[in-house]
Amino acid sequence: MTKSPPLAAAGAPRPPGRQARRAAGLFAALLLLLLVLVLSLAVGARQLGPGEVWRGLTEQGSPGWTVVHEMRLPRTLLGLLVGCALGLAGGVMQALTRNPLADPGLLGINAGASAAVASAITFLGVNSFGGYVWFALGGAAVVSAAVYAVGGGRTATPARLALAGSALNAALYSYVMAVMLLNAASLQQMRFWTVGSLASAQTSTVLKVLPFVAVGTLLALALAQPLNALALGEDSALALGARPGRVRAGAILAVGLLCGAATAACGPIVFVGLLVPHLVRAVTGPDLRWLLPYCAVLAPVLLLGSDVLGRVLGRPGELQVGIVTAVLGGPLFLHFVRRPKAVRA
């Protein structure tokens, strides 16, 4: 009697044909990202052709130099960093909680960053994006540690982490709303930030966010194989050499760095971290060694594409990118919820 072959684990070697298709798909995603980067530099109140964009990047005396270097290049680079951060955070979060409908806000990290920024504006008079960065990162770090402790520390389970994060998320957003309603100045200043926007991007903001996104990205990618092992269960993960407590702590740290930096730079932007891993999973399957690089490339495509779309639809002004991603993401989220496979943990 012929024995059926055992099921492949989430980190097991794949047939060469599938690996080649994944590599080709990642290369195509990189080309798509390059196209969106060019569009982000070209589209705006003043349209620039590809040649003008190139001269604006390389020739200091060209007519497009000021437009490209002082306005659109910082915005494009910030969108690239924030998109990468949100996509990776979403992929890690869904793997950590084993919930395909999880997003970076599930652990309350975005709410922690928002609460810290609201407190800084109201009580300390902080009014610059450079100031927001440090308070948002601090708030994200505190909430990350709190969720890990409340969820059980080294004995934390995905369900306990999700419950702890949901409780902190509700409490912190209630605090933010209370601060905004009780202080008119804070309400005016927070209103633009909470929508989620790349419009006020500056080179200094990009430089301050870059180290945190870089460290979070490296940590997230390093955790791909251990999270694959953890998806097989606690006993299987231990047998494969992974330490569940350390893996979860590292994953929370990575999400905290990525979400804290992204939220500080341009406010809480919804649906990017939720949708991109779903779209990617149809190509890569559950293997995080492929899923996370795809997320890091395609999430900036979604974010920058939404930003360009907002500039086109909102003329002569513009729609903020947080509004566009919410409008695009809502129907897609409902579609995923209605699919039986989408809600299967």
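Guide: Helices (H or I, at least four residues) and strands (E, at least two) are DSSP runs, numbered from the N terminus. The model is predicted: local features need pLDDT of at least 70, side-chain atom pairs count only at pLDDT 80 or more, and totals for chains, interfaces and linings use all residues. Residues are numbered from 1 along each chain as its sequence is written, and side-chain values use heavy atoms, leaving out hydrogens and water.

Now the patch. Helix H13 (residues 288-313) supplies its largest share, three residues. The members are Leu309, Val312, Leu313, Leu319 and Leu328. Together they have about 390 Å² of accessible area. Such areas come from the Shrake-Rupley method with a 1.4 Å probe; for residues, only the protein chains shown count as cover. Like charges are joined within 9 Å, nonpolar side chains (Val, Leu, Ile, Met, Phe, Trp, Tyr) within 5 Å.

Take leucine 313, in helix H13. Its relative accessible area is 58%, so leucine 313 is exposed. Exposed means over 50%, buried under 20%, partly exposed in between (1.4 Å probe, protein chains only).

Next, the cysteines. Cysteine 295 is buried, at 0% relative accessible area. Cysteine 84 also counts as buried, at 14%. The sulfur of cysteine 295 has its closest cysteine sulfur in cysteine 84, 9.6 Å away, so the pair is too far apart for a bond. A disulfide needs two cysteine sulfur atoms within 2.5 Å. The count by this rule is zero.

Definitions and conventions
Patch = residues over 30% accessible without salt bridge, like charges linked within 9 Å, V, L, I, M, F, W, Y side chains within 5 Å. Salt bridge = Lys/Arg side-chain N within 4 Å of Asp/Glu carboxyl O.
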